[in-house]
Amino acid sequence: MKVIVCSDSFFFAKGMTALLNNAGHETWNFFYDPEKVFSEQEDEELIVIIDTNERRPLRNLFASLDKKPLRVFFITDDLSAHQGISHPFQGVIPRKISAAGLLNHLVETTTGVRPLEFLLTIQQRKVLQYLIRGVTPGMIARVMNISVKTVSAHKRKVMMNFGLKKMNARSLNCMSDFIYKSLLVSEQINRQKQPQFSRRPLY
């Protein structure tokens, strides 16, 4: 298994890289060892673990990987029972997971993060964006020219798809982080489907 660790935390990146190397997996610490590259095998799947919001280096990495099959995972601080999340988002790994749990998760999980277009409709994404900004359901209804009841229905669907029991400031922050990073996955998929738009960012 070949793994790329993308973290702007020096100690987290070094620890993750050492753990994976000791387990027999070839690991590339992208932020702190940028010169390293994997051997060229086009069809070999790469696992990408993301623990940063640094947009430019991540976009450069994804562009360099071109059409290689990827399984992407996000590290997050906000996944725990007291946050009102009934089950983790697909492809998300809690930072406090045990070493054995992390290794098992990477081996056993056949899919990584799913892009937003597979999780939410355009209307649901718009409602979520307004909620993240702190806009009230009534104001959202007026801006989008829909009823408050429809806004509530979109909100319930978002909560169900993200496994949320309740929507509060912490869960909205968690979703905001997820959305921000998942745009990279969407861009990679679009690059594979439409190479002519490979240099056109989604955000």
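1. **Ground rules.** As a predicted model, it is read with a pLDDT of at least 70 for local features and 80 or more for side-chain atom pairs, while totals for chains, interfaces and linings use all residues. Residues count from 1 along each chain as its sequence is written, and side-chain values use heavy atoms, with hydrogens and water left out.

2. **Overall make-up.** The protein has 8 helices and 5 strands; these are DSSP runs numbered from the N terminus, with helices being H or I of at least four residues and strands E of at least two. Along the sequence the order reads β-α-β-β-α-β-β-α-α-α-α-α-α.

3. **Burial and surface.** Of the 203 residues, 41% are buried, where buried means under 20% relative accessible area, exposed over 50%, and partly exposed in between (1.4 Å probe, protein chains only). The accessible surface comes to about 11,200 Å², and carbon and sulfur atoms hold 52% of that. Areas are from the Shrake-Rupley method with a 1.4 Å probe, and for residues only the protein chains shown count as cover.

4. **Contacts along the chain.** Take the contacts between residues at least 6 apart in sequence: 64% of them join residues at least 24 apart. A contact here is heavy atoms within 4.5 Å.

5. **The sheet.** The 5 strands form an open, parallel sheet in the order E2-E1-E3-E4-E5; two strands pair if DSSP finds at least two bridges between them. E2 and E5 (92-94) are the edge strands, each pairing on one side only. Neighbouring strands are turned by 25° against each other on average, direction ignored. Axes are lines fitted to C-alpha atoms, for helices over the stretch in contact, with angles from 0 to 180 degrees between N-to-C directions.

6. E1 (residues 2-7) and E2 (residues 26-29) share 4 bridges, and with helix H1 (residues 10-22) they make a right-handed β-α-β unit. Right-handed means that, with the strands pointing away from the viewer, the path from the first strand over the helix to the second runs clockwise. E3 (residues 46-51) and E4 (residues 70-76) are joined by 5 bridges, one of them with Ile 47 as the partner of Arg 71. Helix H3 (residues 99-108) lies across E3, E4 and E5, at about 170° to E5.

7. **Asn 29.** Worth a click: Asn 29 sits in strand E2 and is the bridge partner of Val 5. Its relative accessible area is 4%, so Asn 29 counts as buried. Beyond its neighbours within four places in sequence, Asn 29 touches Val 5, Ala 13, Lys 14, Thr 17 and Pro 34.
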